[in-house]
Amino acid sequence: MNEEQHDWWRDFFTGPAADVVRQLATAEQTSAECEFLIRTLGLEPGERILDVPCGDGRLSLELARRGYISEGVDFATELLNDARTTAAQENLPAEFHQQDMRSFHCDNLFAAAFCFGNSFGYFEDAGNRAFLESVFRALRPGALFILESRLVAESLYPQFQPRRWFPFSDSIMFIDSQLDCASGTLRTEYSFLRDGILDRRRAQFRIHTLRELIELAEVAGLELVDSFGSTDGKSFSLGSPGAYLVLRRPG
């Protein structure tokens with residue numbers, strides 16, 4: 001990744017970008033994803049689940065409402081404050097910590113963990129591997145981790161659109177993307193238009209094939225249990241909207 005965009009995520013999720021995150025998922029999507037997590041992880045209420053990175057706590061909070069003990073890790077102050085405020089207002093069993101997802105500290109605490117929201121691939125391979133190693137350390141032996149990504153090559157390439165736009169309640173988001181297949185890199189400029197003010201931000205993501213993603217997880221010590229192409233349980237295949245890897249810490 002070029003140096004200019006190396007740490008783009010540090011200040012990306014503020015202002016209009018944070019507002020878009022808050023509006024991206026519907027209540028129906030949140031419910032479907034939580035049901036998929038509960039079903040696939042096979043956990044009973046009262047067990048401790050890690051959400052990393054958690055953003056505004058959308059899934060952590062819903063799991064806490066259903067009786068699970070949730071902890072979220074993220075770097076984005078604005079979104080973390082949203083999560084903490086909601087947890088306090090509803091008196092939910094959910095805590096949120098501001099840490100780098102590559103080096104958070106909570107060893108052997110969790111019965112399960114997940115990474116949703118298309119939040120994997122922010123770093124170069126060493127950084128992505130460091131994240132998976134942190135998840136490994138956070139899990140109890142035998143615990144499961146579900147990794148979701150819509151940036152798997154088999155999902156992204158068949159439906160790639162260089163330019164797109166999305167309307168929101170008080171703004172419009174334009175996306176202008178470039179694929180570098182040789183390096184497996186997606187470079188994107190996001191433009192947010194609100195109240196006549198244009199805000200431009202750049203991001204960069206590492207694209208993996210499904211096999212590369214599994215190998216990266218295996219190097220971090222995680223073993224593949226299953227893979228899906230959607231939360232309805234369909235198998236992953238070419239053109240699936242995303243990948244959902246079910247991984248386990250052996251033991």
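Start in helix 5, where Glu-133 and Arg-129 sit four residues apart, which puts about one helical turn between them. In this predicted model, their side chains meet in a salt bridge, with N to O at 3.9 Å. The spacing makes sense: an α-helix has 3.6 residues a turn, so residues three or four places apart point the same way. Glu-133 is partly exposed at 27% relative accessible area, and Arg-129 is partly exposed too, at 28%.

Take Arg-194 and Asp-170, whose closest N and O atoms are 3.9 Å apart. Arg-194 belongs to strand 8 and Asp-170 to the loop between strand 6 and strand 7, so this contact ties together parts that are 24 residues apart in sequence. Arg-194 counts as partly exposed at 23% relative accessibility, and Asp-170 is partly exposed at 40%. Then there's Glu-223 with Arg-248, a salt bridge at 3.4 Å, N to O. Here the link runs from strand 10 to strand 11, across 25 residues. Salt bridges with shared partners also join Asp-19, Arg-22, Glu-78, Asp-82, Asp-170 and Arg-194 into one network. The overall count comes to 23 salt bridges.

Strand 10 runs antiparallel to strand 11, and five bridges join the two. Within that pairing, Asp-226 stands opposite Val-246 of strand 11.

Six of its eight residues are buried, so the rest of the structure largely encloses helix 3. The buried residues are Leu-59, Ser-60, Leu-61, Glu-62, Leu-63 and Ala-64.

In the loop between strand 1 and helix 3 you'll find Pro-53, joined to Val-52 by a cis peptide bond with omega of about -10°. Just after helix 3, Gly-67 takes a positive phi of about 100°. Asn-91, not a glycine, also has a positive phi, about 55°; its place is the loop between helix 4 and strand 3. Asn-118 has a positive phi near 55° and is found in the loop between strand 4 and helix 5. Buried or exposed? Asn-91 counts as exposed at 69% relative accessibility, while Asn-118 counts as buried at 18%.

Finish on the surface, where Trp-165, Phe-174, Leu-193 and Leu-198 form a nonpolar patch with about 390 Å² of accessible area together. Leu-198 has its place in strand 9 and counts as partly exposed at 42% relative accessibility.

Technical notes. Residues numbered from 1 in each chain as written. Predicted model: local features only at pLDDT ≥ 70, side-chain atom pairs only at ≥ 80, totals over all residues. Heavy atoms only, no water. Patch = residues over 30% accessible without salt bridge, like charges linked within 9 Å, V, L, I, M, F, W, Y side chains within 5 Å. Areas by Shrake-Rupley, 256 points an atom, 1.4 Å probe, with all protein chains shown as cover. Salt bridge = Lys/Arg side-chain N within 4 Å of Asp/Glu carboxyl O. Buried < 20%, exposed > 50% of the residue type's maximum accessible area, 1.4 Å probe, protein only. Pairing = 2+ DSSP bridges.
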